Amino acid sequence: MLETRIAEELACIRQAGLERSIMDLHFVNPVQARDRAGKTYLVLSSNNYLGLTHAREVIDAARAAVFKFGTGSSGSRLTTGGTFAAGELEKRLADFKHSESALVFNTGYMTNLGVLYGLLKPGDVVFSDELNHASIIDGCRISRCRVVVYKHNDMEDLRRLLETEKVIGQRFIVTDGVFSMDGDIADLPALAVLKKRFDACLIVDDAHGVGVIGSDGSGTAAHYGMPGIIDLQVGTLSKALAAEGGYVTGKKILIDYLINKSRPFIFSTALAPATLAAANAALRLLQTQPQKYLGSLWANTKLMRRLLKDGGLQVVEGITPIIPVLIGEAELTMRFADKLRGKGILGSGIRQPTVPQGESRLRVTVTAAHSKEQLRQAAQIITALWQELRQGEEKEG
Ligand SMILES: *Cc1c(COP(=O)(O)O)cnc(C)c1O
């Protein structure tokens, strides 16, 4: 019974050309990976923005932690005791994010579940950007509060909804800082005004913001020079910070509350000491040498955006290393991504339902660890392939 149903569903997915599968890859350095057949690719699809996964200091920290403290954390921090590494990382994160306090979760995904599910009460209303990450959507869902979705980064729409929606409890506004598919940045100045006017709690998920924007790389608040505006800043240890895990920073009273109430924090075994030590070392590198890492990331971002535009591609304007190249039809987009892979370049083909129909795109991300030459060569291959495909389309049409 069950297998018949599942087989039918899978067949539908396959027929629509939407089947997904996992490609095994083995990173030999932050920007190159090898598949099982031994083919090496230049990776333009990772979130390893600062290339710190292979930094000597980060690897050494992880290795030392394994030897000193073992491989696992052995339990939840409330029942078994927290590792020193977790406490040290939280202190560094709070300081870095200009917040009173921080709490580490096991993933960024769990952080959003834990914060929203932990904080929201019946009668509260969440105002959520339509392009927010799936973990925010799921966190809102399990909280069982009313969720009001506003148009992407449309502050006029948000203001109208804040005015017209009846709310008995607390208002929450939740948004990505840097949006993962479009690479654009939340309008924090306008959010700050609305938050004040409607006495709302503002939550910003900086998963793609930390290590990427702001003069010190601390994310959206630093980008706008507006510290202290955001009530809770969510982030991940899995992107620029080269490890895995998630965190939230904010006032101590909010963090203390989450320690007591947030089920994804309470009922899951803490991260391994090596993971925490790696994230701590990565963050330390960013804090002590911001120019080195952010400077390379920003220069590479600028270069790649310019090269792709000069090559005639339709690049969505922005300043972040998430570079969406609009293609249009899903089928053409996936064919483009496939052919690129054949030529040794990994970008992500993004189609519905992740983005609206007709807005399928190749999502290219650059890191601080790419060399200028790698980016020049990749851009040349991408633009040449695009012209080839487009000419093919025109002949057919
Ligand atoms: C990646 C991402 C997450 C999830 O973080 P993980 O640590 O990978 O679970 C959450 N929010 C946003 C905006 C993300 O891009």
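A polar contact is a pair of N or O atoms within 3.5 Å; within protein, one must be able to donate a hydrogen and the other to accept it, and residues adjacent in sequence count only if both atoms are side-chain atoms. The model is predicted, so local features need pLDDT of at least 70 and side-chain atom pairs count only at pLDDT 80 or more, while totals for chains, interfaces and linings use all residues. Residues are numbered from 1 along each chain as its sequence is written, and side-chain values use heavy atoms, with hydrogens and water left out.

**Exercise 1. Identify the surroundings of the ligand and describe their composition.**

Step 1. The ligand is surrounded by 14 residues, and the closest are Gly108, Asp205, His208, Thr236 and Lys239.

Step 2. Sort the shell by residue class. Ala, Val, Leu, Ile, Met, Phe, Trp, Tyr, Cys and Pro count as nonpolar, Asp, Glu, Lys and Arg as charged, and the others, Gly among them, as polar. The shell then holds 9 polar, 3 charged and 2 nonpolar residues.

Step 3. Helices (H or I, at least four residues) and strands (E, at least two) are DSSP runs, numbered from the N terminus. Helix α5, residues 108-119, supplies the largest share of the shell, 3 residues.

**Exercise 2. Find polar side-chain atoms that approach the ligand, and state how much of the ligand is covered.**

Step 1. An N or O atom in the side chain of His208 is 2.8 Å from an oxygen atom of the ligand. For Lys239, a polar side-chain atom lies 2.6 Å from a ligand oxygen atom. Asp205 places a polar side-chain atom 2.5 Å from a nitrogen atom of the ligand.

Step 2. Of the 380 Å² that the ligand exposes when taken alone, the protein buries 85%. Accessible areas come from the Shrake-Rupley method with a 1.4 Å probe; for residues, only the protein chains shown count as cover.

**Exercise 3. Decide whether each of Ile168, His98, Asp199, Thr367 and Leu362 is buried or exposed.**

Step 1. Buried means under 20% relative accessible area, exposed over 50%, and partly exposed in between (1.4 Å probe, protein chains only).

Step 2. Ile168 belongs to the loop between α7 (155-164) and β7 (171-176). Its relative accessibility is 81%, and therefore Ile168 counts as exposed.

Step 3. His98, in the loop between α4 (84-96) and β4 (101-105), is exposed because its relative accessible area is 53%. Asp199, in the loop between α8 (188-197) and β8 (201-205), has 59% relative accessibility and so counts as exposed.

Step 4. Thr367 sits in the loop between β15 and α15 (372-396); with a relative accessible area of 1%, Thr367 is buried. Leu362 is part of strand β15 and, at 0% relative accessibility, counts as buried.

**Exercise 4. Locate backbone features in the loops.**

Step 1. His98 is not a glycine, yet has a positive phi of about 55 degrees. Asp199, also a residue other than glycine, has a positive phi near 50 degrees.

Step 2. Gln352 and Pro353 are joined by a cis peptide bond with omega of about 5 degrees. Pro353 lies in the loop between β14 (348-350) and β15 (360-365).

How values were computed
Near = heavy atom within 4 Å.
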